[in-house]
Protein chains: 2
Amino acid sequence: MSSEKIMTSVRVIVQQCLSARLQVRPATSEEASDAEYVEIGRGVIFYVCLLKGAQADGLAKIVKSLVNVRLSYCEELSKNASVLDVHGDILVVPQVLVENYTNTTNLYDVHQASLGGRMKGKNVQYHSNLPKEEGEVLYREFVSLVEEEVKSTGTDSHSPAVKHGTYGNRQVLSVVTNGPFTHIFDF
Amino acid sequence: MSSEKIMTSVRVIVQQCLSARLQVRPATSEEASDAEYVEIGRGVIFYVCLLKGAQADGLAKIVKSLVNVRLSYCEELSKNASVLDVHGDILVVPQVLVENYTNTTNLYDVHQASLGGRMKGKNVQYHSNLPKEEGEVLYREFVSLVEEEVKSTGTDSHSPAVKHGTYGNRQVLSVVTNGPFTHIFDF
């Protein structure tokens with residue numbers, strides 16, 4: 001049982017995967033097959049939710065923590081190492097609140113910043129989320145920081161791929177894991 | 001920004017899916033293809049993490065909340081409804097701490113109660129997790145309560161499937177979503 005005061009402004013789910021595929025552009029019509037995807041191999045997915053209070057000047061430290069935390073098993077060392085140590089890929093998925101999103105191919109409306117949701121009776125409220133415009137700026141900054149961190153610490157021969165979702169899109173995502181090893185980190 | 005005292009004892013990630021497949025028994029050898037799986041169609045996945053302080057007498061209320069929260073889009077009503085309202089399936093996945101788990105087919109060690117992990121420098125500590133034996137009893141109770149809740153409120157013609165993972169197993173999981181719509185609820 002934990003008992004502490006929290007002031008969460010950035011919430012990130014870190015999930016290991018063997019592979020993952022994210023749609024970054026939906027098909028132009030229901031019949032079209034021109035949707036675009038990004039894919040990664042073994043590595044981690046960061047689902048990023050930006051909440052009220054998130055600020056650009058705190059992001060660098062958060063990204064450094066996430067990229068360097070030892071959650072990926074390294075065969076050579078027989079212990080957990082960072083995703084960079086094991087030359088794993090990184091997929092960044094934004095969690096964005098999009099009220100009344102409409103798209104003829106949708107099965108349901110989208111409130112993608114769902115990680116900030118709180119149960120209120122049988123409904124869920126999203127009052128903690130950052131407005132979309134502010135969130136988009138911080139999301140782009142977050143992705144840039146991940147790319148910089150990987151570039152600065154990655155080895156030349158095994159530079160891991162950094163892929164990311166499009167802010168505001170429906171995150172059509174497929175994930176294959178051999179143990180999701182899901183972590184939640186609040187900053 | 002949230003600012004409140006938390007006393008989390010049960011943490012559940014609720015994720016929408018179009019389909020999901022979970023291994024409930026690993027193959028008997030690396031070459032064998034006798035692994036067993038459970039599958040669901042459109043519905044929700046509950047990743048359940050039992051932390052210190054979790055007690056059997058609080059579980060019924062938690063399960064009732066999770067099964068009835070309106071997070072699934074209902075075409076007929078044009079608004080969100082419960083997974084039962086839309087006749088969706090439920091897959092319960094346990095998050096279990098298994099230190100030094102060994103299996104020749106593993107790529108890395110497993111600490112499956114990862115949702116209770118906290119970052120400490122570059123490492124993650126799992127001090128909040130319930131011991132495995134206590135967790136297993138509560139997990140079985142959780143699954144029974146989900147089954148009861150579905151049975152008591154489900155319609156005869158469209159009784160949703162309730163499937164669940166095996167406590168202590170590596171949760172080899174594949175998920176297909178058209179927007180993960182991931183929520184975290186702390187109880």
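Okay, housekeeping. Because the model is predicted, local features need pLDDT of at least 70 and side-chain atom pairs count only at pLDDT 80 or more, while totals for chains, interfaces and linings use all residues. Residues are numbered from 1 along each chain as its sequence is written, and chains are lettered from A and ligands numbered from 1 in the order in which they are written.

Chain A has two helices and 13 strands; those are DSSP runs numbered from the N terminus, H or I of at least four residues for helices and E of at least two for strands. Of its 187 residues, 46% count as buried, meaning 20 or more other C-beta atoms within 10 Å of a residue's own, with exposed being 12 or fewer, partly exposed in between, and C-beta atoms placed from the backbone.

Now the sheet in chain B. Five strands make an open sheet with mixed pairing, in the order S11-S8-S5-S2-S13; two strands pair if DSSP finds at least two bridges between them. Strands S11 (162–164) and S13 (183–186) of chain B are at the edges with a single partner strand each, so one side of each has no neighbour in the sheet. Direction ignored, neighbouring strands here are turned by 20 degrees against each other on average. S5 (residues 43–50) and S8 (residues 89–95) of chain B run parallel, joined by seven bridges. Which residue in S8(B) is the bridge partner of Ile45(B)? That's Leu91(B).

On to helix H2 of chain B, residues 132–153, which lies across S5, S8 and S11 of chain B and runs at about 170 degrees to S8(B). Angles go from 0 to 180 degrees between N-to-C directions, with axes fitted to C-alpha atoms, for helices over the stretch in contact. Buried in H2(B) are Gly135(B), Leu138(B), Tyr139(B), Phe142(B), Val143(B) and Val146(B). Down the helix axis, the buried residues of H2(B) fall within an arc of 145 degrees, so they line one face; the arc is taken over directions from the axis to the C-beta atoms. They pack against S5, helix H1 (56–68), S8 and S11 of chain B, contact meaning C-beta atoms, placed from the backbone, within 7 Å. On the face turned away sit the exposed Glu133(B), Lys151(B) and Ser152(B).

Last stop, Val48(A). Leaving aside neighbours within four places in sequence, its contacts include Val12(A), Val92(A), Tyr139(A) and Phe142(A).

Key: Two residues are in contact if their C-beta atoms, placed from the backbone, lie within 7 Å.
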